[in-house]
Amino acid sequence: MTRRVCIPKPRIFAVLVAVALLLPAALSGCAAEAGSAPDSGAGPAPHGTITVFAAASLKATFTELARTFETEHSGATVTLSFAGSSDLASQISQGAPADVFASADAATMKKVQDEGLVDGTPTDFASNTLAIAVPPGNPAGVAGLKDLARPGIKLVTCARQVPCGAATAKAADAAGVALNPVSEENSVTDVLGKVASGEADAGLVYGTDISSAGTRVAGIPFPESGTAVNTYAIAAVANGGNKATARAFLDLVAGPEGQKVLAAAGFGPGQQ
């Protein structure tokens with residue numbers, strides 16, 4: 001004999017409510033198992049505008065890297081400002097809006113860092129060595145660093161507070177040569193411009209600047225340059241308004257893609 005079990009109506013209602021409450025959670029669990037990934041915690045994609053303050057000697061490479069960055073991140077724009085590293089550091093100290101600072105030497109970066117204007121730890125990403133730039137044909141017959149001290153030679157250098165000027169002084173001291181430039185410039189590109197225009201018989205610039213100048217100047221290496229290798233450093237600026245995008249640009253410069261571009265331009269590695 002089959003017995004019928006009757007569930008009182010209030011209990012039926014309670015069972016139906018419990019099933020209704022549990023169903024969404026069950027479906028959610030099934031969806032997760034089927035491959036609907038939960039939030040991974042990844043940051044937002046680079047977007048918006050960043051302003052990059054970079055040493056004048058980085059103009060060609062950073063212009064190329066900025067284009068690469070904008071191509072890889074369609075929502076991002078890179079605004080570049082090039083000048084002597086010491087001038088850029090002064091502007092940052094005075095509150096100029098910048099998201100990234102790339103200095104041609106570690107000493108200038110340290111000054112900015114000591115003022116609390118750097119976000120995180122700077123990265124050494126490249127190095128550079130001085131060479132003598134002369135006009136095509138080398139009309140003054142310059143062969144080495146000591147020739148720059150000859151009477152009548154019109155020599156142009158960077159000012160001492162600029163990284164290329166500090167490197168010039170260090171190399172001259174190592175060679176025991178007293179240099180008397182007719183002009184001291186605030187950026188390496190200004191030195192190169194005076195040599196290319198014929199206003200100077202010679203100038204001390206980075207080897208990468210001579211390479212990028214093409215036939216406008218000729219380059220003369222000198223052994224004492226090895227005593228004054230400059231290490232380039234890059235960091236996010238503490239008061240920058242777009243930190244995520246700034247960090248992504250730093251990663252590009254220090255990563256394999258950026259290092260390939262810098263090496264092709266003649267820069268050495270950042271870690272010495």
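**Helix contact and ring pairs, talked through**

Mentor: Let's start with two helices: Thr61, Glu64, Leu65, Thr68 and Glu72 in H2 meet Glu257, Gly258, Val261 and Leu262 in H9. Keep in mind that this is a predicted model.

Trainee: What makes these residues of H2 and H9 a contact?

Mentor: Contact asks for heavy atoms within 4.5 Å, and the residues I named in H2 and H9 meet that way. By type, the residues of this contact split into three nonpolar, three polar and three charged.

Trainee: How are the axes of H2 and H9 placed relative to each other?

Mentor: H2 covers residues 59-72 and H9 covers residues 256-264; their axes come within 10 Å and cross at roughly 150°.

Trainee: Why is H2 called roughly antiparallel to H9?

Mentor: Angles over 145 degrees count as roughly antiparallel. The crossing is at roughly 150°, so H2 is roughly antiparallel to H9. And is the crossing left-handed or right-handed? H2 passes H9 in a right-handed crossing.

Trainee: On to the rings. How many aromatic pairs are there?

Mentor: The count is six aromatic pairs.

Trainee: Take Phe125 and Tyr232: why is that pair called edge-to-face?

Mentor: Two checks. Centres must lie within 6.5 Å, and planes over 60 degrees apart count as edge-to-face. For Phe125 and Tyr232 the centres are 6.1 Å apart and the planes stand at 80°, so edge-to-face it is.

Trainee: Which parts of the chain does that pair tie together?

Mentor: Phe125 sits in strand E4 (residues 118-128) and Tyr232 in strand E10 (residues 230-237), so the pair ties together parts 107 residues apart in sequence.

Trainee: What about Tyr232 and Phe267: what makes that pair edge-to-face?

Mentor: Run the checks again: the centres are 5.5 Å apart and the planes are at 85°, so this pair is edge-to-face as well. It links Tyr232 in strand E10 with Phe267 in the segment after H9, 35 residues away.

Trainee: How do you know whether Tyr232 and Phe267 are buried or exposed?

Mentor: Buried means under 20% relative accessible area. Tyr232 has 0%, so Tyr232 is buried. Phe267 has 6%, so Phe267 is buried too. Phe125 is also buried.

Trainee: Which residues do the ring pairs link into a cluster?

Mentor: Phe62, Phe69, Phe125, Tyr206, Tyr232, Phe249 and Phe267.

Trainee: One last thing: what makes the phi of Asn138 worth a look?

Mentor: Most residues other than glycine have a negative phi. Asn138 is not a glycine, yet has a positive phi of about 50°. You'll find Asn138 in the loop between strand E5 (130-134) and strand E6 (155-158).

Methods. Residues are numbered from 1 along each chain as its sequence is written. This is a predicted model: local features need pLDDT of at least 70, side-chain atom pairs count only at pLDDT 80 or more; totals for chains, interfaces and linings use all residues. Side-chain values use heavy atoms; hydrogens and water are left out. Axes are lines fitted to C-alpha atoms, for helices over the stretch in contact, and angles run from 0 to 180 degrees between N-to-C directions. Helices (H or I, at least four residues) and strands (E, at least two) are DSSP runs, numbered from the N terminus. Angles under 35 degrees count as roughly parallel, over 145 as roughly antiparallel, 65 to 115 as roughly perpendicular and the rest as oblique. A crossing is left-handed if the near helix is turned anticlockwise from the far one by less than a right angle, and right-handed if clockwise. Ala, Val, Leu, Ile, Met, Phe, Trp, Tyr, Cys and Pro count as nonpolar, Asp, Glu, Lys and Arg as charged, and the others, Gly among them, as polar. Rings of Phe, Tyr and Trp (its six-membered ring) pair if their centres lie within 6.5 Å; planes under 30 degrees apart count as stacked, over 60 as edge-to-face and the rest as tilted. Buried means under 20% relative accessible area, exposed over 50%, partly exposed in between (1.4 Å probe, protein chains only).
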